[in-house]
Amino acid sequence: DYIYLFNIDNDEDMEGAITSDLEVILETDLLDIYTNESFVDTASILFVNEGVLNDEVVSNGVFIDYPGVYDLEYNNYKYSFTVNPIITGIENLGVYSTSVTPYISSGITYLNNDVYISGTEISEPGNYKLKIIGVNDYVKEVQFTITSDIKGVLHNQTYSDDVEISFNGDGYLNNTFIESPYTISGPGDYILKIQGNGNYLETLYFNIVEAEEETTLIDIIQKYDVVFLAVVVI
């Protein structure tokens, strides 16, 4: 499918091949692979006659589209390389405030040790580890976090009015379970905890104080009127 083999001596072994780009490959050529080279998604390696890929005999080149660690022996020389999957939708150590949808091109995938299907939306806040397992003990991990996206309150702040909050995940206000959205009223010290997957915990401390009465011009006049009246009476 990839090369046109040719034989000059009319025996079982081929002397060389021609690619679709008219490149000539000879049996004596070294393979065009760097030491410990890393491929993304696929690896296409062309050669003539037989080689051994991870202890299995292969002929006239290999096309690999599955993640793994591979050893290829050809002409008494060993080549080692890795094939990695394509991962989109997340980045390693990324922090997100909204849902994410990772896509993995191939491999067996786990999310926090549960089987994960590529393209499934992840919306719950938490700490996540995406693990892709491939051939020959290949493992690739991507860690990321989805926050609770708390709105309406800040850490270590003081408020004089009611506080309206919204969040994702399981919320606990002073150790009492609450659901988003929620309005907090009344003076006091508050601890808001949001829990999520993978031992995710977000804690905010804040308090609400009674609003101070504003002194208006009318209040001042009324006070002076009372004093003046008392003086007159005396």
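Predicted model: local features only at pLDDT ≥ 70, side-chain atom pairs only at ≥ 80, totals over all residues.
Residues are numbered from 1 along each chain as its sequence is written, and side-chain values use heavy atoms, with hydrogens and water left out.

Let's begin with Asn 84. You'll find Asn 84 in strand E10, which covers residues 77–84; strands (E, at least two residues), like helices (H or I, at least four), are DSSP runs numbered from the N terminus. Asn 84 has a relative accessibility of 14%, so it counts as buried. The labels work like this: buried is under 20% relative accessible area, exposed is over 50%, and partly exposed is in between, using a 1.4 Å probe and protein chains only. The side chain of Asn 84 makes a polar contact of 2.5 Å with the side chain of Ser 38. A polar contact is a pair of N or O atoms within 3.5 Å; within protein, one must be able to donate a hydrogen and the other to accept it, and residues adjacent in sequence count only if both atoms are side-chain atoms. If you skip the neighbours within four places in sequence, Asn 84 is in contact with Ser 38, Phe 39, Val 40, Asp 41, Tyr 138 and Lys 140, where contact means heavy atoms within 4.5 Å.

Now hop over to Asn 207, which sits in strand E24 (residues 201–208). Its relative accessible area is 19%, so Asn 207 is buried. Leaving out neighbours within four places in sequence, the contacts of Asn 207 include Gln 157, Tyr 159 and Gly 188.

Next up are the charged pairs. Side chains of opposite charge can pair when their charged atoms come close. Here a salt bridge is a side-chain nitrogen of Lys or Arg within 4 Å of a carboxyl oxygen of Asp or Glu, and by that rule the count is 3. One of them joins Glu 141 and Lys 131, at 4.0 Å from N to O. Glu 141 belongs to strand E17 (residues 139–146) and Lys 131 to strand E16 (residues 126–133), so this pair ties together parts that are 10 residues apart in sequence. Glu 141 is partly exposed at 34%, and Lys 131 is partly exposed at 24%.

Glu 73 and Lys 78 also form a salt bridge, again listed at 4.0 Å from N to O. Glu 73 is partly exposed at 40%, and so is Lys 78 at 49%. Then there's Asp 149 with Lys 151, whose closest N and O atoms are 4.0 Å apart.

Finally, let's look at the backbone. Most residues other than glycine have a negative phi, and most peptide bonds are trans. Against that background, Asn 76 has a positive phi near 65°. Asn 76 lies in the loop between strand E9 (68–74) and E10, and its relative accessible area of 87% makes it exposed. Asn 199 has a positive phi too, about 60°. Asn 199 is in the loop between strand E23 (188–195) and E24, and it is exposed at 79%. As for peptide bonds, the one from Ser 180 to Pro 181 is cis, with omega near -5°. Pro 181 is in the loop between strand E21 (176–178) and strand E22 (182–184).
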